[in-house]
Amino acid sequence: MNIWAHRGCSQRYPENTLLAFEKAAELEGLTGIELDIQLTKDGYLVVYHDEKVDRTTDGTGEIRKKTLAELKKLRIDAGEGKWEQIPQMEEVLDLLKDKLKSGLLLNIELKNSVFPYEGMEEKILNLVRQYGVKERVIYSSFYALSLERIKTLESGVKTGILDTKVSDCLYKLKGRCGADALHPYWKGMDLPPERIKNYTVRAWFSGHLYPEKPTGTKLDLAALERQGITDVFLNEPEMYL
Ligand code: G3P
Ligand code: CA
């Protein structure tokens with residue numbers, strides 16, 4: 001089973017922060033890091049899960065209505081009197097580029113199924129190309145049209161189509177989006193393993209996020225493998241490595 005850090009090490013550290021990514025990059029045997037991108041009012045790519053900043057920062061409101069400078073003033077509580085900021089995508093690539101070049105993978109999820117963020121695909125493709133890490137990046141989205149656009153804009157890029165059920169992922173993949181992998185919710189494995197045996201199946205988990213306390217319950221990775229899952233995105237990958 002390939003283990004990914006979902007939003008970085010997001011059980012012990014605040015999700016989608018440089019701290020959570022730094023901790024993930026230190027893990028031996030980790031396959032890759034997953035993160036989410038949004039687009040600011042002034043056209044910058046930032047790493048944040050929700051469309052609004054309310055849940056993890058001391059601010060309120062939609063990212064698409066704020067400038068990068070406004071977002072950078074917001075604080076994310078990292079405990080013990082320490083604070084993180086919403087990272088710009090460039091900062092994450094600066095942090096991870098050497099690790100990526102030596103084998104770590106990066107799954108960039110475009111959070112564009114609520115707001116379709118015009119130009120997001122071009123911006124992220126250009127940035128990844130600029131950092132020379134194209135071979136190490138997998139783009140994903142719930143929005144099949146966006147993945148189709150990515151494939152049209154640049155040849156040779158890898159994509160993974162997101163949905164809750166693996167059957168919905170498969171039907172989207174077989175459509176024009178032409179994704180390279182299925183990214184279902186782990187409880188959405190509604191096809192027999194034979195139907196998906198030729199695919200990479202990266203399953204995501206909801207789980208507990210910092211600062212919630214972990215439950216200590218361990219997943220049965222062998223049972224997940226028997227369902228056809230090849231990779232898992234985990235908030236606490238350190239438990240399995
Ligand atoms: O990319 C897999 C997973 O992260 C999708 O769900 O809500 O955690 O971004 P979410
Ligand atoms: Ca995600």
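Modeller: First, a rule for sorting residues: Asp, Glu, Lys and Arg count as charged, Leu and Trp are among the nonpolar ones, and those in neither list count as polar. Keep in mind that this is a predicted model.

Colleague: How many charged residues are in the shell around ligand 1?

Modeller: The shell consists of His6, Arg7, Glu34, Asp36, His49, Glu109, Lys111, Leu162 and Trp204. Sort them by class. Two are nonpolar and two are polar. The charged residues number five.

Colleague: Which side chain has an N or O atom 2.6 Å from an oxygen atom of ligand 1?

Modeller: For Glu109, the side-chain N or O atom is 2.9 Å from a ligand 1 oxygen. For Lys111, the distance is 2.8 Å. The 2.6 Å pair belongs to His49.

Colleague: What share of the accessible area of ligand 1 does the protein cover?

Modeller: Start with the ligand alone. On its own, ligand 1 has 290 Å² of accessible area. The protein covers 92%.

Colleague: How many disulfides does a search of the whole structure find?

Modeller: Take Cys177 as a case. Its closest cysteine sulfur is in Cys169, 9.4 Å away, so that pair is too far apart for a bond. The cut-off is 2.5 Å. Across the whole structure, the count of disulfides is zero.

Colleague: Is Cys177 buried or exposed?

Modeller: Buried means under 20% relative accessible area. Cys9, at 1%, is therefore buried. Cys177 has 5% relative accessibility, so it counts as buried.

Methods:
Residues are numbered from 1 along each chain as its sequence is written. Chains are lettered from A and ligands numbered from 1 in the order in which they are written. This is a predicted model: local features need pLDDT of at least 70, side-chain atom pairs count only at pLDDT 80 or more; totals for chains, interfaces and linings use all residues. Side-chain values use heavy atoms; hydrogens and water are left out. A residue is near a molecule or strand if one of its heavy atoms lies within 4 Å of it. A polar contact is a pair of N or O atoms within 3.5 Å; within protein, one must be able to donate a hydrogen and the other to accept it, and residues adjacent in sequence count only if both atoms are side-chain atoms. Accessible areas come from the Shrake-Rupley method with a 1.4 Å probe; for residues, only the protein chains shown count as cover. Buried means under 20% relative accessible area, exposed over 50%, partly exposed in between (1.4 Å probe, protein chains only).
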